[in-house]
Amino acid sequence: MVIKPMHDASPATEHAPSLSAYLWLATVPLIWGSHFVFLKIVYEDYTVLGMLSLRYLLMSVALWLVLWVTERDLRFDLKDVPYLAFFSLLMVTIYQVLFALAIQWSSAGESALLISTAPIFTAFTAAILGWERLTRRMATGIALGFAGITAVILGGSGLSYLPPTHVKGCLVMVVSAVLWAWYAVLAKPLLARYSPVKVTTYCHTLGGIPLILLGAPDALHTTPQVFAHLADPVARAHALWVIAGILFYAWLSGAYAFTVWYRGVQRLGSGRTMMFQYCVPVVGLLAAIVFRREYPSLVQWVGVALTLCGVFFAAARPQVSAVPVAVTDGSEIVDGPDIAC
């Protein structure tokens, strides 16, 4: 096992990115910002594991179909399987459960904002471990980010639409953001050797297997009931929204968005791709207000502003020059971390 510094090996450094790459990427924050609202609807019928079971069953089928149609090559080197297994367990199985629980326990708007704080935790971790020098700009971003997170969590006290698990959900989403801060950087040893479609397909299939099995009882119990409601004129509209939410989260937010996002990381570099992530909390907050009437308190609005400023200051910094990530194949890793959902 060797440890190599990270260099930007992205093709984006060699060729000017096309307009179509930016247009495709622009659809991702619209999808990721909206799925918080869709999941709130799905949770009215499904448990977290039941929803994840259906999501990963449908998502895996779609990904394998896309992989076969676009590449006709399913080969994956056995020496990369241990790293793939570690990555899939941490960043799919564990992360997805925490992320889904956090959305269930908190509001859609809070979830959208807090998961987007990952760059703050990336900067904080890099400074603590000595991977980067803590500049005044980074310190300002980290301080603003933590102040904003605190205001968002505490400022929700007394709002009628918030569930009693609101604080717990926010804290779990912060933990999810910490994990997500290193999602892209951990994927880059694989992206250096395989296409974004193949990496997405293998890691989400492998990480999704435990979720499919654990949630199968609830999925098998609830799904026939949801489809039965289609025959009821009163319950039909809600059942259609639940079905649409499952399909949206599996195929659009899952198979489509992950593939487009990592194609962006590979072609544009993570710095440019990261710019689109800033739109996710904005879309999420607006969707929560329009579709769920979740109006943040004044303190929370202040927290939103502080958090977004903190993300900007923490992320807009020089790339990590040498982050020690263990790889077994000697491949290089492209530039620093970004986030997705």
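Apart from neighbours within four places in sequence, Ser297 is in contact with Gly155, Gly156 and Leu159. This residue belongs to the loop that links helix H12 (279-292) to H13. The model is a predicted one. In it, the relative accessible area of Ser297 is 15%, and Ser297 therefore counts as buried, the cut-off being under 20%.

Helix H13 (residues 298-315) is paired with helix H6 (residues 136-154): their axes come within 7 Å and cross at roughly 155 degrees. Because angles over 145 degrees are classed as roughly antiparallel, H6 is roughly antiparallel to H13. The handedness of the crossing between H6 and H13 is left-handed.

On the H6 side, the contact is formed by Arg137, Met138, Gly141, Leu144, Gly145, Ala147, Gly148, Ile149, Ala151 and Val152. H13 contributes Val299, Gln300, Gly303, Val304, Leu306, Thr307, Cys309, Gly310, Phe312, Phe313 and Ala314. Sorted by class, the residues in this contact of H6 with H13 are 13 nonpolar, 7 polar and 1 charged.

The protein as a whole provides the setting for this pair. Its secondary structure consists of 13 helices and 2 strands. Of the 341 residues in the protein, 54% are buried. When contacts between residues at least 6 apart in sequence are considered, 89% join residues at least 24 apart. The accessible surface of the protein amounts to about 14500 Å², and carbon and sulfur atoms account for 72% of that surface.

Terms used: Residues numbered from 1 in each chain as written. Predicted model: local features only at pLDDT ≥ 70, side-chain atom pairs only at ≥ 80, totals over all residues. Heavy atoms only, no water. Axes fitted to C-alpha atoms, helices over the stretch in contact; angles between N-to-C directions. Helix = DSSP H or I, 4+ residues; strand = E, 2+ residues; numbered from the N terminus. Parallel < 35°, antiparallel > 145°, perpendicular 65-115°, else oblique. Left-handed = near helix turned anticlockwise from the far one by under 90°. Contact = heavy atoms within 4.5 Å. Nonpolar A, V, L, I, M, F, W, Y, C, P; charged D, E, K, R; others polar. Buried < 20%, exposed > 50% of the residue type's maximum accessible area, 1.4 Å probe, protein only. Areas by Shrake-Rupley, 256 points an atom, 1.4 Å probe, with all protein chains shown as cover.
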